Amino acid sequence: MDILKEDTIAAITTPFGTGGTGKIRISGPGAFQIGDKIFKSINKNKKISEQKTYTAHYGYIYDPETAKEVDEVIAIMMRKPHSFTGEDVLEIDCHGGMTPLRAVLDIVLANGGRIAEPGEFSQRAFLNGRLDLAQAEAIIDIINSKTEKSLDLALNQLNGKLSTKIDQIKENAVELLAHLEAAIDYPEDEIAGFSAAELGDKFLQIKLELEKLISSSQQGKIYKEGLKTVIVGKPNVGKSSLLNYFLEEKRAIVTDIPGTTRDVIEEYVNLKGIPLKIIDTAGIRETADEVEKIGVERTRNLAEKADLILFMVDLNQGITTEDREIYQLIKDKPVIVIANKTDLEFKNTRQEILTEFRDHPLLWISLLKEEGLIELKDSILSEILAEKIDLDSETIITKTRHKDALKSALSAIEKVIVSHETGMPYDFLTIDLKDCLNSLGKITGETVADDILDRIFSEFCLGK
């Protein structure tokens with residue numbers, strides 16, 4: 001993304017579709033001049049460029065060429081640097097249909113604006129010092145958050161919780177670097193500061209802090225992306241009924257006819273703050289139906305990539321050859337075996353079933369009677385999340401880019417520790433300590449390359 005800070009950008013910032021209102025954002029040095037050209041206040045003599053910051057003005061957008069009024073609007077102005085982008089910003093609240101929004105945007109573009117690229121408003125906020133890079137990245141996580149907990153974590157990052165933690169580690173590293181460089185520059189003088197043992201302790205403390213952050217990345221992945229939880233089993237064991245239970249609605253069709261579900265159905269559910277991506281799959285069986293065959297093959301592929309498999313068997317039908325074949329395909333994955341239809345007669349004894357699936361947790365449920373389902377939810381959390389999720393933690397790594405930068409910083413500080421313990425000259429320690437600082441700077445954007453910035457902000461939606 002090639003940002004020219006002297007130009008003025010504009011975009012529709014509300015979702016496509018029909019609604020009560022829609023918004024167009026204009027940002028840059030020409031924002032208010034564009035407003036003067038296209039905004040006609042109820043007070044005919046009012047000019048946008050002459051108004052106070054943080055004020056709203058009622059009027060009309062009109063086409064200067066034809067003098068035709070296009071929409072009735074509220075124009076809201078924010079003078080730099082006290083705006084989201086740090087530039088002069090004019091936001092136009094229009095009626096929410098796409099026709100008036102496009103018409104107003106076309107007039108803005110014809111009178112000095114250019115269409116913003118994806119993420120360009122946020123990138124300008126970063127370049128103008130309104131946000132650091134970690135905070136800017138949190139914006140897209142807020143938009144994409146799937147549970148209240150994932151939203152909380154994204155807001156914490158936007159509010160600077162992660163950045164503050166990174167800055168604390170950097171401050172400690174900079175203090176140590178200053179001591180080492182002073183000792184190098186003035187070897188003949190007695191440099192007040194840290195003893196060798198104290199240096200070692202402080203290097204170790206940085207290492208421990210980095211390890212703690214890296215270890216939180218598994219939590220972050222779960223909060224951000226959810227657990228891919230696949231329901232598998234032969235046809236007609238209750239897979240679609242289980243999905244409907246989790247969703248609390250009849251999302252999947254349920255019949256007594258085997259093979260009703262021919263394609264996968266994916267939905268997110270909130271399980272105690274953890275987003276679960278629940279996937280109902282086609283029953284695995286031999287079939288001559290070409291469409292059903294495709295569904296069965298997709299089921300096999302999804303099971304291979306799943307974070308957790310819910311393997312369902314029918315107690316009334318008993319454990320069959322098909323059940324055993326499916327179990328062989330998935331037994332090396334994280335699996336919870338669900339024995340359904342406890343309300344009906346068992347074909348096998350409980351002990352036989354427990355012995356059959358002894359290598360994995362097994363739960364007894366009745367979807368018809370809604371028995372054992374609370375225990376199933378608890379078992380899902382304990383199976384995958386056991387001692388991995390700290391629901392009260394605020395500093396959790398949610399992005400692969402941050403994790404990679406922390407791992408690079410950790411590798412560098414480990415080299416510092418080895419050099420210190422083996423009595424290497426301070427020059428060697430400062431090289432690796434600077435590498436550590438450089439890696440940490442990539443998280444907040446102090447040392448990140450332009451091409452990385454372009455890639456980060458290109459993932460944002462248009463208008464943000």
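These legends walk through several close-up views of the predicted model shown above.

This is a predicted model, where local features need pLDDT of at least 70 and side-chain atom pairs count only at pLDDT 80 or more, while totals for chains, interfaces and linings use all residues. Residues are numbered from 1 along each chain as its sequence is written, and side-chain values use heavy atoms, with hydrogens and water left out.

**View 1. An open sheet of 6 strands with mixed pairing.**
Reading across the sheet, the order goes β9-β10-β8-β11-β12-β13. Strands here are DSSP runs of E with at least two residues, helices are DSSP runs of H or I with at least four, and both are numbered from the N terminus. Two strands count as paired if DSSP finds at least two bridges between them. At the edges sit β9 (265–271) and β13 (362–364), each pairing on one side only. On average, neighbouring strands of this sheet are turned by 25° against each other, ignoring direction. Axes are lines fitted to C-alpha atoms (for helices, over the stretch in contact), and angles run from 0 to 180 degrees between N-to-C directions.

**View 2. Strand β10 and its pairing with β9 and β8.**
Strands of a sheet pair through backbone hydrogen bonds, either parallel or antiparallel. With β9, β10 (residues 274–280) pairs in the antiparallel sense, over 7 bridges; look for N270 opposite P275 of β10. With β8, the pairing is parallel and spans 5 bridges, and here K228 stands opposite K277 in β10.

β8 is mostly covered, with 5 of its 6 residues buried. Buried means under 20% relative accessible area, exposed means over 50%, and partly exposed is in between (1.4 Å probe, protein chains only). β8 and β11 run parallel, joined by 4 bridges, and I231 is opposite L310 in β11. Helix α11 (residues 321–330) lies across β8 (227–232), β11 (308–314) and β12 (335–340), and it runs at about 170° to β11.

**View 3. Helix α7 packed against helix α14.**
Two packed helices are described by the angle between their axes and the distance between the axes. For α7 (residues 196–215) and α14 (residues 400–421), that's about 160° and 9 Å, so the two are roughly antiparallel to each other. For the wording, angles under 35 degrees count as roughly parallel, over 145 as roughly antiparallel, 65 to 115 as roughly perpendicular and the rest as oblique. The crossing is left-handed, meaning that the near helix is turned anticlockwise from the far one by less than a right angle (clockwise would be right-handed). By class, the contact of α7 with α14 has 14 nonpolar, 2 polar and 4 charged residues. Ala, Val, Leu, Ile, Met, Phe, Trp, Tyr, Cys and Pro count as nonpolar, Asp, Glu, Lys and Arg as charged, and the others, Gly among them, as polar.

**View 4. Helix α7 again, this time with helix α6.**
The axes of α6 (residues 161–185) and α7 come within 11 Å and cross at roughly 155°, so α6 and α7 are roughly antiparallel to each other. Their crossing is left-handed. The contact includes I169, L176 and H179 of α6, along with L199, F203 and L213 of α7. Its residues divide into 10 nonpolar, 2 polar and 3 charged.

**View 5. Helices α4 and α15 packed at an angle.**
Helix α4 (residues 133–144) and helix α15 (residues 426–444) have axes 5 Å apart, at an angle of about 40°, which makes α4 oblique to α15. L133, A134 and E137 of α4 meet K442, I443 and T444 of α15. That gives 3 nonpolar, 1 polar and 2 charged residues in the contact.

**View 6. Helix α3, largely enclosed by the rest of the structure.**
In α3 (residues 120–127), 7 of the 8 residues are buried, including E120, R124 and F126. Just after α3, G129 takes a positive phi of about 80°.

**View 7. Strand β4 with β3 and β5.**
β3 (residues 39–41) runs antiparallel to β4 (residues 55–63), joined by 3 bridges, with S41 partnering G59. β4 also pairs with β5 (residues 68–78) in the antiparallel sense, over 9 bridges; D63 has K68 as its bridge partner. The hairpin of β4 and β5 has 4 residues between the strands, and A67 takes a positive phi near 65°.

Key: Contact = heavy atoms within 4.5 Å.
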